[in-house]
Amino acid sequence: MNLHEYQAKEILARYGVPVPSGMVTDNLDDVERIAKEIGKNVVIKAQVHAGGRGKAGGIKIAEIDKAKDVASTILGMRLVSPQTGPDGRLVRKILVSEAIDVKKEYYLGITIDRSAGRPIVLMSSEGGVEIEEVAAKMPEKIIRVTVDPAIGILPYQARNLAYGAGLGQHKDTVKIILAVYKTFVENDCSLVEINPLVETKDGRILALDAKISLDDNALYRHKDLEDKRDKFEEDPKEVEAKDVGISYVKLDGNIGCLVNGAGLAMATMDIIKLYGGMPANFLDVGGGANKEQVARAFKILLSDKQVKAVLVNIFGGIMRCDVLAQGVVDATKEMGVRAPLVVRLEGTNVDKGREILKESGLSIIPATTMADAAEKVVKAISTG
């Protein structure tokens, strides 16, 4: 679950990370009052779950008496950046914060190193740009420290990061690094990123921008954080799927996938690409799904207008093949599906499941193996 910038800053501030003063609002009438309380030039920042806001016109500096007029050009706009896609995101909230005289920008981030199975802390003297760009063009500018989760980050590791990035002379840098790591661990984050972390002309170190992503699997431990979820920033189909216990992520392809089991779903997407196709989604109905959940998952998948064909790949274990087959048949009949539909079933009650599909009267293309299914669904698009 991703948080807005203002939410991330609120959390970081609780752990002692210094952030610029400011306030979030969804009402233009509040802007001038907030600016006057700050008492200096302000920055108006669109609050959407996407990077590239500045280049897209979602971040602007304003004088106090012009803050409302500037805010009116951002609040309510549809912000389009490389991360939003062509449809963009509607700006429903803005953050009004003090404008900072920046001397130098840095980068500080913590995520999980999947290969090591440990948190990794990254720091760089090249802040204010995408860290991927720095990694590609100037990898030597990124200082990395892998942390033993049983011990946590140690002060000497924080000092190595600070000195390596060129901020070792500042007394607050180590404290900030330790505080960010504590934020990461105690809130079960998958990412905490401050970009940029800035040194101001008056000698302060501030988190000028911040991003926090939370591990969905740990949200049951953080009911206060779960309440920060902004469903307007999520794909409606993903929200619907989550509400009924289905794992769904929209992708950019045109072959819809309905699979039971995350590993099988990943393998299905891989083999579709191997045969020259592009998956339109990740969709895992889970091992214990019932007929109604399967039908609901099928409807979510087919509501994507990009889907031109569907591949159903099921290995029946806990979930029986006949249950899945009936769910597919019911959803297909209800929605009047015309897209090519390839179904591969194996496992518990597979013969009964295949019989249900055969007797349904629907134009279902049967497949025996994953390779057979992938080849047939890709061919169905090319010939359709």
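User: Why is Asp188 called buried?

Analyst: This is a predicted model, where local features need pLDDT of at least 70, side-chain atom pairs count only at pLDDT 80 or more, and totals for chains, interfaces and linings use all residues. Residues are numbered from 1 along each chain as its sequence is written, and side-chain values use heavy atoms, with hydrogens and water left out. Buried means under 20% relative accessible area, exposed over 50%, and partly exposed in between, for a 1.4 Å probe and protein chains only. Asp188 has a relative accessible area of 18%, so Asp188 is buried.

User: Where is Asp188 found, and what is its phi?

Analyst: Asp188 is found in the loop between helix H6 (173-186) and E10. Helices (H or I, at least four residues) and strands (E, at least two) are DSSP runs, numbered from the N terminus. Phi of Asp188 is near 50°, a positive value in a residue other than glycine.

User: What makes Asn349 partly exposed?

Analyst: Its relative accessibility is 34%, so Asn349 counts as partly exposed. Asn349 is in the loop between E17 and H12. Its phi is near 60°, again positive in a residue other than glycine.

User: Why does Lys36 count as exposed?

Analyst: Lys36 counts as exposed because its relative accessibility is 55%. Lys36 belongs to helix H2 (residues 31-38).

User: How do you know that the buried residues of H12 line one face of the helix?

Analyst: The buried residues of helix H12 (residues 350-358) are Val350, Gly353 and Leu357. Seen down the axis of H12, they fall within an arc of 60°, so they line one face. The arc is that of the directions from the helix axis to the C-beta atoms. On the other side of H12, Asp351 and Lys358 are exposed.

User: What covers the buried residues of H12?

Analyst: The cover includes helix H11 (321-335), strand E17 (341-347) and strand E18 (364-367). Contact here means heavy atoms within 4.5 Å.

User: What makes the second largest pocket a pocket, and which residues line it?

Analyst: On a 1 Å grid over the protein atoms alone, a pocket is an open set of points with protein on both sides within 12 Å along at least five of seven lines, and lining residues have an atom within 4 Å of a point. The lining of the second largest pocket includes Val343, Arg354, Leu357, Lys358 and Ile364. E17, H12 and E18 are the elements that give two or more residues to this lining. The lining divides into 7 nonpolar, 1 polar and 3 charged residues.

User: Why is strand E6 called mostly covered?

Analyst: In strand E6 (residues 94-98), 5 of its 5 residues are buried.

User: How do you know that E1 and E2 pair with E6?

Analyst: Two strands pair if DSSP finds at least two bridges between them. Strand E1 (residues 22-25) and E6 have 4 bridges, in the antiparallel sense. Strand E2 (residues 42-46) and E6 have 5 bridges, also antiparallel. Gly22 stands opposite Ser97 in E6, while Ala46 has Ile94 as its bridge partner.

User: What makes helix H1 mostly covered?

Analyst: Of the 10 residues of H1 (residues 5-14), 7 are buried. Among them are Tyr6, Ile11 and Leu12. Gly16 follows H1, with a positive phi near 95°.

User: Which peptide bond is cis, with omega near 15°?

Analyst: That is the bond from Asn195 to Pro196. Pro196 is in strand E10 (residues 189-200).

Methods:
On a 1 Å grid over the protein atoms alone, a cavity is a set of points where a 1.4 Å probe fits but cannot get out, and a pocket is an open set with protein on both sides within 12 Å along at least five of seven lines; lining residues have an atom within 4 Å of a point. Ala, Val, Leu, Ile, Met, Phe, Trp, Tyr, Cys and Pro count as nonpolar, Asp, Glu, Lys and Arg as charged, and the others, Gly among them, as polar.
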